[in-house]
Amino acid sequence: MITEGMKEINAEELLEAVLPTILLYSEYVQAMQPVARVALKGDESENLALRVLTDADLIFQEGIARELLKIQKEKGLGIVFLPEEESPYNNHFPKEGRIKFGLDPIDGTLVYANGHKTFCHVASVFQDDRLEGALVHTPIDRRIYCRTKNETKLLKYKNGMIKRQRFCISEGNNIALSLDVPEDVEKELRDHGINVMLFGTERIGEEIEINSIFRGEIGAFFKHHAAYVDWGPLGFIAEGSSAKVTDFQGNKIEHKYWRRSNIPEGTIPSIIVTTNPWMHEKLVETLGRYYVK
C-alpha cells in the first residue's frame, strides 16, 4: 500500500491508478473515430503505419498525462513520462528518474484511421530501465490485459473496484506480423509455411494488429529492435499468458530498454512472440541466422 510521504510506487499500483482514466479516454477516442483528423508525421520514406497520427492520439495521451501529474503530486513521486507522441505536456515531467511510464495512446493508428476497432491502448511501467508492468485495453472486446509479475490477468473495472481473473492465450493460425523485413527473409519464412504480413504493405489485412494475438487471430509477431511503447509490452503480456517469447536466437528476453550498447535507446535487440511451437522453431531458425546477435 502507498502511504503519505512515500516516494515509491510499484507497477501494479501505478497502472491500476491510471486505469480509470485510460478507460474514460478510450470512450472519447472511440466516439470521435468517425470524425478524427488524420495527419502524417516523420519522413516520407518511412513506413505509412509509422507516420499516421490523429488528433485522437493527442487527446488520449494528454488525458493520461494530466492524470499522471495528479498522481505525482499526490504521492510525491517523480515519474518520467515517455509517450509515443510529442506534446507540450511532456515537458511537465522530470527527464531522469527510476520510474518511467511508457504510453502508446493508440497502437494501430492506421486501423483506427481506417475505421476499424482493432486498435488498442498500451501503458507500461519501468523501474531502473526494466519493464515491470504493462497494461493493454482492446476496445473491440472491451478487455483489459495486465501483467505485473509472472502472470497476465484480465481486469474488470466497475464502480471503482477492480476484479482480476487469469488469462491464457489461445493458439493462433500461421500468420506472423512484423515490419520492414528483408525480402529474402520474408520469402524463406513463407517457404516454411508462415504467412508473413507486414505493416504498411498491401499484404496485411486492414483489421489485423499486434494485439490480434490475444484473440487467436494471428499466431506470431516478431520485431528487430522492439520498442518500449508497443512491441515489447505486448510481448511481455503474451509471455505472462503462456505464449513462447524469446529473442531471435531463442533466448529468454531481458526486458531492459535503456542503457544497452549498440542498439537504439528505448528498445530491446529483438523479440519473437508465438502461440504455435512450430512457428517459433522456424522463426528462430531463419531470423537467428540472418540477424547475428
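Good morning, colleagues. The structure is a prediction, so local features require pLDDT of at least 70 and side-chain atom pairs count only at pLDDT 80 or more, whereas totals for chains, interfaces and linings use all residues. Residues are numbered from 1 along each chain as its sequence is written, and side-chain values use heavy atoms, with hydrogens and water left out.

I begin with the helices. Two packed helices are described by the angle between their axes and the distance between the axes. Helices here are DSSP runs of H or I with at least four residues, strands are runs of E with at least two, and both are numbered from the N terminus. Axes are lines fitted to C-alpha atoms, for helices over the stretch in contact, and angles run from 0 to 180 degrees between N-to-C directions.

Helix α1, residues 11-31, packs against helix α3, residues 55-75, at an angle of about 150 degrees, and their axes are 9 Å apart. The two are therefore roughly antiparallel; angles under 35 degrees count as roughly parallel, over 145 as roughly antiparallel, 65 to 115 as roughly perpendicular and the rest as oblique. Their crossing is right-handed. A crossing is right-handed if the near helix is turned clockwise from the far one by less than a right angle, and left-handed if anticlockwise.

Which residues of α1 and α3 make the contact? From α1 come L14, A17, V18, T21, I22, Y25, S26 and V29, and from α3 come A56, I59, F60, G63, I64, R66, E67, L68 and I71. Contact means heavy atoms within 4.5 Å. By class, this contact has 12 nonpolar, 3 polar and 2 charged residues. Ala, Val, Leu, Ile, Met, Phe, Trp, Tyr, Cys and Pro count as nonpolar, Asp, Glu, Lys and Arg as charged, and the others, Gly among them, as polar.

The second pair is α5, residues 183-191, with α7, residues 277-290, at an angle of about 160 degrees and with axes 10 Å apart. α5 and α7 are therefore roughly antiparallel, and their crossing is right-handed. On the α5 side are D184, V185, E188 and L189, which meet K282, L283, T286, L287, R289 and Y290 of α7. The contact of α5 with α7 divides into 5 nonpolar, 1 polar and 4 charged residues.

I turn to the cysteines. A disulfide is a covalent bond between the sulfur atoms of two cysteines. With the criterion of a pair of cysteine sulfur atoms within 2.5 Å, the structure holds 0 disulfides. For C146, the nearest cysteine sulfur is that of C120, 14 Å away. For C168, the nearest is that of C146, at 17 Å. Are these two cysteines buried or exposed? C146 is buried, with a relative accessible area of 6%, whereas C168 is exposed at 54%. Buried means under 20% relative accessible area, exposed over 50%, and partly exposed in between, with a 1.4 Å probe and protein chains only.

Next, the backbone. Most residues other than glycine have a negative phi. R142, which is not a glycine, has a positive phi of about 60 degrees. R142 lies in the loop between β6 and β7 and is exposed, at 55% relative accessible area. D180 likewise has a positive phi, near 55 degrees. D180 is in the loop between β10 and α5 and is exposed, at 54%.

Finally, some individual positions. A134 sits in strand β6 and is buried, with a relative accessible area of 0%. Not counting residues up to four places away in sequence, A134 touches L15, A123, S124, Y145, C146, R147, P233, F236 and I237. S178, in strand β10, is buried at 2%. With that sequence exclusion of up to four places, S178 touches M197, L198, F199, F222, K223 and W231.

By contrast, R37 is in the loop between α1 and β1 and is exposed at 62%. Beyond four places in sequence, R37 touches L53, T54 and D55. N150, in the loop between β7 and β8, is exposed at 66%, and its C-alpha atom is separated from that of R66 by 30 Å.
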